[in-house]
Amino acid sequence: MTTATVTGKTDEPVVGTRNYLTEGGVTLRSWLLTRDHKRIAILYTLSITLFFFVGGAAATLIRLNLVTPPGIFTPDVYNRLFTLHGIVMVWFFLIPSIPNTMGNFLIPLMIGAKDLAFPRLNLLSWYLYMAAGLLALFAIVIGGVDTGWTFYTPFSSMYSNGYVVLALAAVFTAGFSSILTGLNFIVTTHRMRAPGMTWYRLPVFVWSNYATSIIMVLATPVLAITLALVAVERLLQVGIFDPALGGDPLLFQHLFWFYSHPAVYIMILPGFGVISEVVPCFARKPLFGYKFVVWSSITISVIGFFVWAHHMFVAGISLYAGLVFSLLSYVIAVPSAIKVFNWTATLHKGWISFDAPMLYALGFIGLFTIGGLTGLFLANLAFDVHVTDTYFVVAHFHYIMVGGMVSAYFAGLHYWWPKVTGRLYHEWWARIAALLIFFGFNLTFFPQFILGYLGMQRRYFSYAPEFQLWNIFSSAGASVLAVGYVLPFFYLGWSLFRGQRAGANPWAATGLEWQTSSPPPTHNFDRTPTVTRPPYQYRPEPEPQDV
Amino acid sequence: MSDARREPWPDPSPEPQYATMAQQAEAASFGMWVFLATEVLFFGGMLLAYAWARGSFPAGFAEAGRHTKIFIGSVNTVVLLTSSFTMAWAVNAAEHGRRRPTAWLLAATALLALLFLALKGVEYHQEWTEHLVPGLNFREEGPNAHAVELFYFLYFMLTGIHGIHVTIGIGLIAVTMVRAWRGAFSERYYTPVEVTGLYWHFVDIVWIFLYPLIYLVGRSGP
Amino acid sequence: MGSMQILPATASSHAADMDWLFAALVGTSGFILLLVFGLMITFCVRYRANSKVERGNRLGRTWRLEAAWTAATFAAFLALYFWGADLYIRIHRPPPDATDVYVVGKQWMWKIEHAGGQREIDSLHVPVGRPVRLVLTSQDVIHDFAIPAFRIRQDAVPGRYETLWFTPTEVGEYPLYCAEFCGTYHARMGGSVVVMEPSDFQRWLDGQGAGPSLAQEGEALFRQYGCSGCHGAASTVHAPRLEGLFGRPVPLEGGGTVIADDRYIRDSILLPRSEIAAGYPPVMPSFAGQIGEDELLKLVAYIKSLADRTAGNTEAGPPAGGKQAGPPAGSAEKDAR
């Protein structure tokens, strides 16, 4: 273990006989009442996979409807589909995706702790998430919601005929799940680090989850109370968001985006963390500009609180507010650009290999760059006037959320799969899926930039004939993308039972999580590790695979 | 660990994820601080709405503020402040390992909190009979009726959610009190008392913001 | 199936400016994208694991490089910001000679009224080459009035007046959309903007039947709702005179002034106690819930038409501007409540 960041006698053979999957029993009860962060991470992974497929099914139907205007669904069904897609994907997939699965599994391992600071709270967070998710599914089954995931008033509070209050309750509850996770991560990062694990020795993955947690803890309560006010307004017909009642719909938008813009960073920052782990490992080089990458995450999480009104440039905010929020939106683009440059520079003079996690990571950098640059178009006051609420916006945030976050999720899933399951997956299938996702994604969403610039508005069940060609491209891409997303389900499932056994450290990676056996024992480390070196001390020569 | 200690209370061992009791205590109180940060923004959203509505309808809010029950509100402020004092005293007693005083002071805190809720109930009842409950029972004439309704909407949201916090606080305090009585705490370990105290002071501070906004501002000026 | 269209029609004075801005954005991002992709691909090929290329002498200190690319991207971003901000300000400052057209959104149609009283639904006729200012509001939920060929849009928010202006430059018919989700038939809420030669437009206006103008209808409402009882010349009630009011600053009770624009007139009718003119008792009742959005627009148009008249008992100041004293700060000073 020459690449270890650890000193100490951890060189004994690491055979995963005693591990968290079998220790403590294999009964359902032992899983549902577990306090082990790794088991809770598995519970989360299974649940978000379910919701990913629910949201994905809705997306498939949306793209199917848009092949031929006026489509195959009634307007009300279509409106419910995109609302379902938005609510499920945002709150039940993207926000918990990396933090609650990989963050949960890896943060204690990466900092050399036995568990998170509050294991019971961690389990409670999962139960809240499930309760919220089932409530959301229930609202959908009994009739659906047609407000869009943004719940704009007064439509949501007075005019919508869907089960808005149920959906609001679901999101409200999911919010508390996310607050508890954030709280747990913050306290864990502050108080549970192993001896020698100073702040600047933390892996970037921990830093980005820390930055994410700050946003979860400080932004989510504002969403919660805002949605509660909307629910009361809808139930009692009194409130402060409907102008007919003397309220102001822009107040709702300010409060909603005060959460929902930072929420975008909740969704992407953990992805930055994953990429910062994967790129150095497969380039066999330390991360270029570690401190810059770390501080750009923190900067993003702070400035992220002050850009919300860039969603409202045409909503009727004052000119001066527009000028300030646009400027801040340009400012926040800088730290994101810093990250992209640093990842690229990490490749310089490395020994780059192209295993599946690296393919996803490179895909992430490309797609995120496109998403980020089109964000500059939307942050531009005048240009936003032309393209906001069109497919340009749809394409932009899918480049960030799907091209960025989902690629990062898959990169992390493949990278840590041997650690989590103790098995290797089929490398070639994984590479094929990565390439399918990359090309399918671009085919789906690039045409939407053009559609938006041409003037196709979002949330339309039908459209003018001149937009059809681009929509057909987009739907064709979506089917490729769907295949790309279903493939891992099979080869990863297969590897669970038939995959080759993985050693403790199949990628010859640095980082404490690779120093313990695969899968790790319940309390992670046989003895508490001591850290003496900064992260990513990859040697200039490729190491022979150790085990 | 060591059953044969002199003290009646055994020294507790930390939960498995912690190395030492000190680490566990630090994590618990730091966790509560982070939670309170969340809470600040939770109430902050509503206070922003209040600020907006007050700015839009100053006359209506002044009128509505004069309908509030300032006597009950002021008594409740005193009750809550006193409960914060007994709470602080309880934490101090726990710090010095005084078992019974800790339990009694926690009981006093919980009783004061119950008194607060009871008075709040009387106040709500009066508002109900005066038809000041928006959405359910609201009848108000005059040009500012609408703003008065908005005021009372925010009033019930703010005090209602504060009341929920008080109720949760009573539960926490009761549990801590029973544990204190049974001798779960010592000079070396009284984290739950401390953390409950932090929470309770926060609930109190929220009220200190609500009291002037609800009862006093409308009564100032013409 | 449509042909492969890449650019929308360019039919307003903003549209050409916007296309230049678009070109600049595409150019800047294209450059950054090529740089990142180029470097990534070059590195991936050159430094692949089994390549024998020399790797000594790596970049050591990073901060110079970091500072350089941070500064370079920031400078490029700032330039784009100022360009966009400048254009945005221009989009929000209507010229004083713009013709007003009133637009009310409701589920799921656009109701449009011209100053002369001509009405249309889901279509907007305008003359080429003349600036038009739209005053937008909504009767129910939030809508958004979007004309891609003009590169403009603005939310129509219930309870507020928002403005939007443009000068059409090409005769033709251009699609008009609702761009803020507003319910079941959101996708059907739209129509077309018809840009005509001024003479054709005049003919079109005349052909719409010689009904009363918006201001005349407003005058009738002014009497019907009893406004004239207090605000009329013969009134004995101490109420503000409305002649010569529009577009001028009004001192408020308790300090401060406000420009008497569309929003102020509207709020004064619906929420008379929110901004009371200095020196007048707050006796006006609220008309909220009694007057529909269409009627409000007519009343506003009427009060606006009084802008260059003078009242007998009011000091006659100089007229506040041109024929149509648009609120000078109508957009620049939009209230940020």
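The centres of domain 2 of chain C and domain 3 of chain C, taken over C-alpha atoms, are separated by 26 Å in this predicted model. Chain C is divided into domain 1 (12-36 + 65-93), domain 2 (99-207) and domain 3 (214-305), with bounds that come from an automatic or database domain assignment. Residues are numbered from 1 along each chain as its sequence is written, and chains are lettered from A and ligands numbered from 1 in the order in which they are written. Local features need pLDDT of at least 70 and side-chain atom pairs count only at pLDDT 80 or more, whereas totals for chains, interfaces and linings use all residues.

Domain 2 of chain C contributes 11 residues to the contact with domain 3 of chain C, which contributes 9 residues; two residues are in contact if their C-beta atoms, placed from the backbone, lie within 7 Å. On the domain 2 side, β1 (99-106), β2 (109-114) and β5 (132-138) of chain C give two or more residues. Helices (H or I, at least four residues) and strands (E, at least two) are DSSP runs, numbered from the N terminus. The domain 2 side comprises 5 nonpolar, 3 polar and 3 charged residues, where Ala, Val, Leu, Ile, Met, Phe, Trp, Tyr, Cys and Pro count as nonpolar, Asp, Glu, Lys and Arg as charged, and the others, Gly among them, as polar.

The contact between chains C and A takes 74 residues from chain C and 75 residues from chain A. Elements of chain C that each supply at least two residues include α1 (13-46) and β6 (143-147), while α2(C) provides the largest share, 15 residues. By class, the chain C side has 46 nonpolar, 14 polar and 14 charged residues.
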